[in-house]
Structure formats: C-alpha cells, structure tokens
Amino acid sequence: MPRSATSRTKKTPEKARAADTASHLPTTLPLLPIRDNVHFPHVFFPLMVGRERSVSALDEAMSGSQHILLMAQRQISVEDPEPDDLYEVGVIAEVMQILKVPDGTVRVMLEGLERARVLSYRQTEPFFEVEVERLPDGPARGLKAEALMRSVTTQFEQIVSTGKNVPPEAVVSILNIEEPGEMADQIAWHLPSLRVETKQEILETLDPQARLETLSLLLKKEFEILEIQKDIRNRVEKEMGETQREFILREQMKAIQQELGERDERQGEVDEYRAKVAEAGMPDSVAERAHKEIERLERMPYAAPEGTVIRTYLDMLIALPWSVTTPETLDIAEAEAILDEDHYGLPKVKERILEFLAVRKLTGTLKGPILCFVGPPGVGKTSLGKSIARALGRKFLRISLGGVRDEAEIRGHRRTYIGALPGRIIQGLKQTGVRNPVFMLDEIDKMGSDFRGDPSSALLEALDPEQNSEFSDHYLEVPFDLRDVMFITTANLLDPIPPALRDRMEVIYFSGYIEDEKSEIARQFLIPKQIRENGLTEQQLALPDETVRRIIREHTREAGVRNFERELAAVCRKVARRVAQGEAGPFRIGDGDLRAYLGPRKFHYGVMEEQDEVGAATGLVYTEAGGDVITIEVSPIRGKEGRLMLTGQLGDVMKESAQAALSYVRSRARMLDIDEDFSERTELHVHVPAGAIPKDGPSAGITMATALASALTGRPVRKDVAMTGEITLRGRVLPIGGLKEKVLAAHRAGIRTVLMPLENEKDLEDIPENVRQEMAFRQVSHTDEVLRLALLDKSYPVPSAVSPMPIEKAVAEAA
C-alpha cells in the first residue's frame, strides 16, 4: 500500500476547497478503468497508467476540469475492458500531479472526492466518456454511529498491532476522523488484503452507518486470520529452533565420539547401507542412485521425516534380487513326467509347454512369447503353472489381478505419497528372493479401469519381451530387468482382455474335462486326496466307477472338477463320521447308497427321445460345463400370417438362425410336398426347453430346419439321430465349435448317430477312440442331406393347420 496516501480530518483550507470542488463537479467525465484495486473518496493516492485508452482519458481530464472517474474492472485478466466489464459505481477524483515516464507510462497523483454512478456511456473511443450521477454520503449521527466508530477504530488498532504494514501517520489521521463515512473509506483503503469485490461492496454502500457495520465484520475476520497466521509462524520458528539445536548438539556429540574413538551411530548406519549396496550386485546405474540416497541420508538431521522415507527406499533396493537366480533343470523327460504326474489329460496343453521348454533348453534364453491359459474355472490352469515351476526347478509366485483397478498396483506409487510402495511385480520378486521365478498373473481378464488409471496398459511393458529388460516401477525410479522371469497369465474369457495386451501373449485354450477324464482324475487324484484329508484309509472306503460317474452326472455340472471334489469330500466326511462313531468298515458306496450321502440328484442331462416324433428334433449344444442334448420343438397352429414365435430365452444369433431355417424350408416347400401358401394361414411356434437358461449361437440351425420341416410335412424325426451345424439361406451347413463335447453328450444320452458339418471332420481326432468306435458320424454339407437322413416316411396325419400340396397341383406343376 502506498505510504503517501493521507486523509483530511479537520476543517482545513484544503478540505474546504475539496468540498467546494465537489459541489461543482461536472456530470460528464472521462473514465479510467482500474484493473486490480478500488479507490475511495477522502484519500490521496498515486497511480501508474499505461494502457492507451487510459492515457487518453487522463489527457482529456487535464485539458478540462482535471476531474476523472475511476472505475474498477470486474475481471482483472481483461486487458481491454468494455462497458460490461466495469462496475457501475466508482469514485470521482481530481488529478493533482502528473508525470510522464520515458517507457510510455504515466505516473499520476489523485485525490478521491466523491462516489458516482454511471448513467450512460457517451463514447468508448479513443477513451470512455460517461454521464454520471453523484452519490454523496447520507447522514450518520447519533449514539449508534459513535459506537460503531469507536468499535471500528479499536479493531483497526488491533490489526495494526499484529504487524499490519500501515504508516503511523495514517493511523493517527484515521483515529482523528470525525465523519463516519470518511472513517470507513480510509480504513477500507488501508486493508490491501480485502478482495476487489469486497471493496466494491463497501464503495457501493451509501449509508455510512451500514458501511461501518460491514467494515466491522470484515475487520473481525481479518484479525482472526492474522492471529492464526501469527500462531503458525511462532510454531514454525519454534520447531526450526529445536531442529537447529538438535543438529548442533549432534555435531558436538559426533566430535566428542571421534575424540574418544567411539563409533558414531549415524555413521555406522550409513556405512552399513554402503556395504549392503556393494553386496547386492546391483547394476552400476542403480548402485549410483543408491549411493546418492545414502549421501542425502548422511547430510540429513537424524529425526527428519524424510529420513524414514529414504531408509525404506534403500531397504527395498537392497532386498531386490538383482543378481540372485535359481539353477534350472531342463530335462524334458522329467518335465513331461512331472506334468503327467500332476495333471491328467490336457495333451495339447502339455505338448505346447514341453515345446516351450525344449526351445529354452536349446537356445539358452527365455525370450519368447508370454503364455496365457484361457479356459473355464476348475480345469487346472493355476495348478499347471505350479507344475511348470516344479519341472523347471524354479520358485513359483502367483498374484491375483481380479478386481484390480489402479495402475499403481502394477507400477507402484511415487515416493512423494505417504505410505508409497512398489507395484505387485516388484513386491513379488522381493518375496521370492530370485530374479527368475515362474510368475503367474491370475484372472487377468477381470481387471478394470477408472480415474486411477488402467492396469492392463501398465502390464504392456512387463509382458513384452522386447521392453521388459528395463521395466520401470514408479517407486524404484530405476529400471529392473524382467527378461529372466517366466510370466504365465490365466483367464476365463479372452474377450475382456484388451487387444494390445492379448497381442503380446500366446493363448493356450483349456477345454472342459469330459466325463471319462473326470472319472480318471477322481480315481488318480481326488479320491486319494479326500480319503487322506478326512483321516480315512483306502481299505475303509470304496467308490465304484459307476458311483463316481453318477456323482459326475447327477450332482455336478461344470467344466472343471472343483464342485466334483466337494461332493467327494461330502461323501468322505459322512464315512469319517461313521468310523468315528465306532462302525466297522469297509464302506462301499453303491448306486443305491448315494442318495443317503448326497441327497436327491441335482442335475438332469438330456436323453434320447422314447419314440420318433413329428416336430421334435434332437440337437447338440456346448456350454462351459460341457456338451448336452436338447430337443427343439415346433408346433404349427392357425394364427397370424407368417408369424414365427420363438420361446426358450433365445439370444439374437439363435433367433436369426430360426429365421434362416424357416426361409430355407419355405424355399424347399415344393420338394418337401408342402403347400407353398402355408405361411398365409399358419403361425409357427418354435420352443427350446429349459426356458430359464439363456441360449445363443448358430449351431442349432440345421436342427431348427429339421424340426420345421417335420412339423410342416408330418414326417417324424428319427429319435436316434442328433445333429449340429449352422445353416445358411441356401441350405449350406457351416462348421461349428465344441464338437468333442457335443459328441460325448450324444454318446451319454444313448444316441449313436450324429449329423455334423463336413468341415468339422478334422475335429473327430479329438474324440476318444472308444467313443468313435461306437458312434456313426455323417458329414453333411447341405441341409437337403440332413432332411434325407433325419426324416422318416410319413406315418402320421398332417396337422390341421397345414395341408400338403394337392396331388393334382403337384402333378401339373411337375409336368
């Protein structure tokens, strides 16, 4: 605040002159916009003017009555204000002195005379010229005004006493002011901490008493803020004093210890860190960074908060396995034996893993694709990773990424945050203590992203063999080489994995176990494990193969064996209870005993129909729990023209397959001996049982076409034939997936003939040999072949809603 600002207090000649001048002020004045302050009447103040429009306004004032209107801007950032950018109330000032500076700016001394409101703008170029209305102070006399003046002066003195930079002569001048309005203006002027909006509010308050009340509240708030600042300043100075005192005392103690030949505790800690860094086998760049942190710790006061952060960081750097590795065993035959010992089946998966290990053995480097195991829950993805680590002789580490939504979980937090830690990859390497573990990232398809970042993007560097030699963790801030780490990821579904991350991994698909495989897994692994864990012996419990298969069929429905193992555990627990109660064994659990141990059957699988039926075709479906048999039913009824009603909670793809099947049947109406105009009076209802279960996919296309053709011709569908295949409008049969599981479901249901797409012939190799020998496979390329193989001769009456083409018409058209 300029120290030259003063006020008039008594009836001096200058004040009488100012009052006389104010009574003869012009009503048309040039306007000078003020960017960052509000000026008041009764005050002398200097002003620096540099804007071209403002200098022109001053020149106009000096060429006339030397009066000018000062008006504050609403926004300080506006360089060239317009009328809308200015407030409506300002102060009329008299130019007392003017001095032009060589840099083009003008220094001017002004005296505030009176408030004024802008009525209109007469011109805006080259300067603002306005029509104004004078706003003199209202009367303010009486005891309340006197009390407000005393209160405000007391508050102002308190603020000045706390260190506010106000000239002593200004304080004396303000204390001698007799007019309430003038006192309020002077005090407001000497409070630079007030915002422009607040000062403008005081300027626009015409009632002096109201002006003093507003100012009193502002002074009270200002005094409280100054007191808080004073307390903070005193506390900081005290703490700084204690820290300096502690530093001096410690330096003195260090000097005394050196004289006595004693070891300095701080120096001993620093020497210990240097020795550990030398032993850690760090790369040169990392060791250099560690030594810099040690030097910072050495120069820092012992109790400084930053010292704890540095110690934690150094401990993490030293604990990481920069050069510690586990010796590998790359015996392919032994690895194969371990995989077979730990897991039954999965031939293609094991073959790919052994190829991976063979290449590793011949090349001597692990640089290659990252393996991604994709398959339903419970099929052995995680346990296979443990077997790989055992086959290699490496340590195994697994972290679950399910539900991770923060990038810092992968890359760590920066050390500027309180409680910062490295990411999970670096923490895992510290946990294993070696730099070449088998690192499994489980549930990689269940990561999310939010405002904290995308963890899947952070994994791109770690899982890229071309980049992970210098993996950067935010906490370490030094590169770590991940090339020796064997990363394996697992997922239930491939679609949720971002394409960029999926591209860096080689996907190995795990299909669900078939019934024979589950039975063998139970015989080799699960039953011995549960007998052992429940305190039994193999002589006390016997589970025949037929009982095991019934448990699989009637009490579980899954791709893996987790629920199957739970059911076996339930059987073992009940036997263990009987043994504990003193019953003598052995206990043989037969078919008739299973209900007493596990309750009634929980699941029902599809079975072959009891007889050949019209409008009912047997299809094969594939789910995560394996294959199954379904019957698609079609019923023609009289109804709306051409309407096709679909029920059974079908998905969009399956609905489109039904439309395509109906269009195909309509195109073959003449060949099938169906009235070509049947759609004009027939409504077709297609239903897929198990309506509570959502269904989708194109593989039921030929099944729907067969059921529709059967319903419209009255020809029954063979009950011993099941089919699968996608249909096109031209009747072509396209390939499908999951053939192995579908064929096994047909075999389980007692069906021995399967109609399948010709292009799926290659998938027959995956079907067990014993099943292939008992089944008859008919590869078809067109739906016409399907109908010839599946439909029997007409032996039932045609439904009344549909009548075949009249024989006379058929003969005539054939001719």
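Predicted model: local features only at pLDDT ≥ 70, side-chain atom pairs only at ≥ 80, totals over all residues.
Helices here are DSSP runs of H or I with at least four residues, strands are E runs of at least two, and both are numbered from the N terminus. Residues count from 1 along each chain as its sequence is written, and side-chain values use heavy atoms, with hydrogens and water left out.

**Stop 1: the pocket.** Select helix 12, strand 13 and helix 24 (739-748): each supplies at least two residues to the lining of the largest pocket. A pocket, on a 1 Å grid over the protein atoms alone, is an open set of points where a 1.4 Å probe fits, with protein on both sides within 12 Å along at least five of seven lines; lining residues have an atom within 4 Å of a point. This one holds about 1000 Å³, the volume being the space filled by probe spheres set on the points, which are joined across faces, edges and corners. Now show Tyr509, Phe510, Ser511, Tyr622 and Glu741, the closest to the centre among the 32 lining residues.

Stop 2: Next, pick the open five-stranded sheet, ordered 8-9-12-7-13 with parallel pairing (strands pair if DSSP finds at least two bridges between them). Strand 8 (396-400) and strand 13 (505-509) are the edges with a single partner each, so one side of each has no neighbour in the sheet. Zoom in on strand 7 (residues 370-374) and strand 12 (residues 486-491), which pair over four bridges; there, Cys372 has Thr489 of strand 12 as its bridge partner. Then bring back helix 12 (residues 347-363), which packs on the sheet and touches strands 7, 12 and 13 (contact means heavy atoms within 4.5 Å).

**Stop 3: the core.** Colour Ile68, Leu69, Leu70, Leu110, Ile187 and Leu215, which touch the most other members of the 63-residue largest nonpolar core. Such a core is a set of buried Ala, Val, Leu, Ile, Met, Phe, Trp, Tyr and Cys residues joined through side-chain atoms within 4.5 Å. Strand 5 (residues 106-123) gives the most to this core, six residues.

**Stop 4: Lys719.** Finish in the loop between helix 23 (701-713) and strand 20 (721-723), where Lys719 sits.

Conventions: Buried < 20%, exposed > 50% of the residue type's maximum accessible area, 1.4 Å probe, protein only. Axes fitted to C-alpha atoms, helices over the stretch in contact; angles between N-to-C directions.
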